[in-house]
Amino acid sequence: MAGVSAVRVLVVDDDPLVRAGLTLMLKGADELVVVGGVADGAEVAAAVDAYAPDVVLMDIRMPGLNGIDATRLLRRRSDPPHVIMLTTFDADEHVFGALRAGASGFLLKDTPPEGIVDAVLRVAAGEPILSPGVTRRLIAHLAPEAEDRRRDDARRLLSRLSDREREVAAAVGRGASNADIAAELHMSVGTVKSYISRILTKTGLDNRVQLALIAHDNPL
């Protein structure tokens with residue numbers, strides 16, 4: 001990629017075979033460079049300081065500091081890397097907590113190599129990975145007693161938006177890309193990005209994925 005810096009990736013997984021496999025696979029993509037790998041969430045902060053990754057591939061379940069808590073700590077930084085959570089199960093109840101902690105999306109560990117590479121590139125470019133189908137399955141696994149509270153929180157946040165902002169938020173909640181939203185609402189991609197930025201500021205949300213979850217909790 002002449003003239004373009006490769007996306008720097010840090011791999012975090014307690015299974016050395018998984019780390020080795022992901023590293024080998026990612027190294028096959030010219031657009032990516034694996035800058036390091038660590039075995040536990042407790043090692044992530046130091047690794048980010050040392051390697052300055054653009055994207056962290058983070059396992060959710062680790063014996064020390066889990067991926068959710070490690071992600072939450074990373075997102076408190078002034079200029080944090082993007083985080084993609086890795087999980088073995090598409091209905092992992094922890095995935096929802098990871099997204100709310102500030103992850104930019106999640107991938108199954110058996111995702112084909114080209115899918116993982118594409119996801120890393122999209123997240124690095126500001127297009128978080130959120131599958132509407134998988135999100136619906138995750139919502140179905142959430143504790144029923146938390147449903148009313150989630151909906152109340154979603155309603156409160158979305159009430160701060162204008163009608164047009166709510167239309168954009170609804171499209172994000174359906175998993176639409178910026179280009180899809182632009183075509184649907186007859187605006188430019190740049191305008192869509194401006195709307196999303198303004199929506200995040202108004203709601204105090206950390207990223208587009210959290211906005212999509214809020215929209216799912218309170219369909220517009």
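Biologist: How many residues does helix 5 have, and how far does helix 5 reach from its first C-alpha to its last?
Modeller: The model is predicted. In it, helix 5 covers residues 113-124, which is twelve residues, and reaches 17 Å.

Biologist: Which residues of helix 5 are buried?
Modeller: Ile 116, Val 117, Ala 119, Val 120 and Val 123 are buried. The word stands for a relative accessible area under 20%.

Biologist: What covers the buried residues of helix 5?
Modeller: The cover includes strand 1 (7-12), strand 2 (32-38), strand 3 (55-59), strand 4 (82-87) and strand 5 (106-108). Helix 1 (16-27) is also included.

Biologist: What follows helix 5, and what is its phi?
Modeller: Gly 126 follows helix 5, with a positive phi near 90 degrees.

Biologist: Why is Asp 59 called buried?
Modeller: The cut-off for buried is a relative accessible area under 20%. Asp 59 has 4%, therefore Asp 59 is buried.

Biologist: Where is Asp 59, and what does it touch?
Modeller: Asp 59 is in strand 3. Leaving out residues up to four places away in sequence, Asp 59 touches Val 12, Asp 13, Asp 14, Gly 67, Met 85, Leu 86 and Lys 109.

Biologist: Which UniProt annotation covers Asp 59?
Modeller: An unreviewed UniProt entry gives "modified residue: 4-aspartylphosphate" for Asp 59. Such annotations may be inferred rather than shown by experiment.

Biologist: How do you know that both faces of strand 3 are covered?
Modeller: Val 55, Leu 57 and Asp 59 are buried on one side, and Val 56 and Met 58 are buried on the other. Five of the five residues of strand 3 are buried.

Biologist: What joins strand 3 to strand 1 and to strand 4?
Modeller: Four bridges join strand 1 to strand 3, and the two run parallel. Leu 10 stands opposite Val 56 in strand 3. Two strands count as a pair with at least two bridges between them, and strands 3 and 4 have five, also running parallel. Leu 57 has Ile 84 in strand 4 as its bridge partner. Between strand 3 and strand 4 the chain passes through helix 3 (residues 67-75), in a right-handed β-α-β crossover.

Biologist: What makes strand 2 largely enclosed by the rest of the structure?
Modeller: Five of the seven residues of strand 2 are buried, so strand 2 is largely enclosed. Six bridges join strand 1 to strand 2, and these strands run parallel. Val 9 stands opposite Val 34 in strand 2. The chain goes from strand 1 through helix 1 to strand 2, and this β-α-β crossover is right-handed.

Biologist: Why is Ala 52 called partly exposed?
Modeller: Partly exposed lies between the buried cut-off of 20% and the exposed cut-off of 50%. Ala 52 has 46% relative accessibility, so Ala 52 counts as partly exposed. Ala 52 is in the loop between helix 2 (44-51) and strand 3. Its phi is near 50 degrees, a positive value in a residue other than glycine.

Biologist: Is His 186 buried or exposed, and how do you know?
Modeller: Exposed means over 50%. His 186 has a relative accessible area of 72%, so His 186 is exposed. His 186 is in the loop between helix 9 and helix 10 (189-203). Although not a glycine, His 186 has a positive phi of about 60 degrees.

Biologist: Why is Asn 178 called buried?
Modeller: Asn 178 has a relative accessible area of 5%, and the cut-off is under 20%. Therefore Asn 178 is buried. Asn 178 is in helix 9 (residues 178-185). Leaving aside neighbours within four places in sequence, the contacts of Asn 178 are Glu 127, Val 189, Val 192, Lys 193, Ile 196 and Arg 208.

Biologist: How many helices and strands does the protein have, and what share of its residues count as buried?
Modeller: The protein has eleven helices and five strands. Of its 220 residues, 48% count as buried.

Methods: Residues are numbered from 1 along each chain as its sequence is written. This is a predicted model: local features need pLDDT of at least 70, side-chain atom pairs count only at pLDDT 80 or more; totals for chains, interfaces and linings use all residues. Side-chain values use heavy atoms; hydrogens and water are left out. The expected span of a helix is 1.5 Å times one less than its number of residues. Buried means under 20% relative accessible area, exposed over 50%, partly exposed in between (1.4 Å probe, protein chains only). Contact means heavy atoms within 4.5 Å. A crossover is right-handed if, with the strands pointing away from the viewer, the path from the first strand over the helix to the second runs clockwise.
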